[in-house]
Amino acid sequence: ATTVLVLNHGADSLQLHRPEEKAIPPGGSWVGSIDESHDLQMSSSAWGEPYSMAATPDSFRAAVAHENNTVSAFDANDIQLQLSASAHICLDQYEQSHRAWQDCINKHMLGGAPE
């Protein structure tokens, strides 16, 4: 199974169709699992067609919907790079492992990730 994080940085709600039916409001997120029989499928009234993401064995992925109605997909390596870049930005501002440092990383990772 693949664990997936969906972040909605767009102005419109996302409609998650698979693996479950769920609305993701602007600023909202969803974490769940997909597998070979249940890919990720979501849509928005602002998009021309639905977005799909297939499962990959034993991995973590993210899909980020942006204000300009585009979607960015991230694999486990992309997420590690985002985490590292965010940590470097925040090291100059906060003491490592301090709660404010963790909040700073969340703010910068993937355009703003939930806690």
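This is a predicted model: local features need pLDDT of at least 70, side-chain atom pairs count only at pLDDT 80 or more; totals for chains, interfaces and linings use all residues.
Colleague: Why is L110 called buried?

Modeller: The relative accessible area of L110 is 4%. Buried means under 20%. L110 is therefore buried.

Colleague: Where does L110 lie?

Modeller: L110 lies in the segment after helix 2. Its phi is near 55°, a positive value in a residue other than glycine. L110 also belongs to a second, separate core of nine residues, which includes L5, I79 and A113.

Colleague: Why is A1 called exposed?

Modeller: A1 has 62% relative accessibility. Exposed means over 50%, so A1 counts as exposed. A1 is found in the segment before strand 1. Its C-alpha atom is separated from that of Q15 by 22 Å.

Colleague: Why is N69 called partly exposed?

Modeller: The relative accessible area of N69 is 37%. N69 sits in the loop between strand 7 and strand 8. N69 is not a glycine, but has a positive phi of about 65°.

Colleague: What makes R18 and D39 a salt bridge?

Modeller: Their closest N and O atoms are 2.8 Å apart. The cut-off is within 4 Å, so the pair counts as a salt bridge. R18 is in strand 2, while D39 is in the loop between strand 4 and strand 5. They are 21 residues apart, and the pair links distant parts of the chain.

Colleague: Is R18 buried, exposed or partly exposed, and what is the value?

Modeller: R18 has 34% relative accessibility, so R18 counts as partly exposed. A cis peptide bond joins R18 and P19, with omega about 10°. P19 lies in the loop between strand 2 and strand 3.

Colleague: How many salt bridges are there by this rule?

Modeller: The count comes to two. D103 and R99 form a salt bridge at 3.3 Å, N to O. That distance passes the test, because the cut-off is within 4 Å.

Colleague: Where do D103 and R99 lie?

Modeller: Both lie in helix 2, four residues apart, about one turn of the helix. An α-helix has 3.6 residues a turn, so residues three or four places apart point the same way. D103 is partly exposed at 32%. R99 is partly exposed at 43%.

Colleague: Which residues touch the most other members of the largest nonpolar core?

Modeller: V4, V6, L14, W30, L40 and M42 do, in a core of 15 residues. Strand 1, strand 2, strand 4, strand 5, strand 6 and strand 7 each give two or more residues to this core. Nonpolar side chains tend to be buried together in soluble globular proteins.

Colleague: Which residues is M42 in contact with, leaving aside its neighbours within four places in sequence?

Modeller: Among them are V6, L14, L16, W47, Y51, A63 and V71.

Conventions
Residues are numbered from 1 along each chain as its sequence is written. Side-chain values use heavy atoms; hydrogens and water are left out. A nonpolar core is a set of buried Ala, Val, Leu, Ile, Met, Phe, Trp, Tyr and Cys residues joined through side-chain atoms within 4.5 Å. Buried means under 20% relative accessible area, exposed over 50%, partly exposed in between (1.4 Å probe, protein chains only). Contact means heavy atoms within 4.5 Å. A salt bridge is a side-chain nitrogen of Lys or Arg within 4 Å of a carboxyl oxygen of Asp or Glu.
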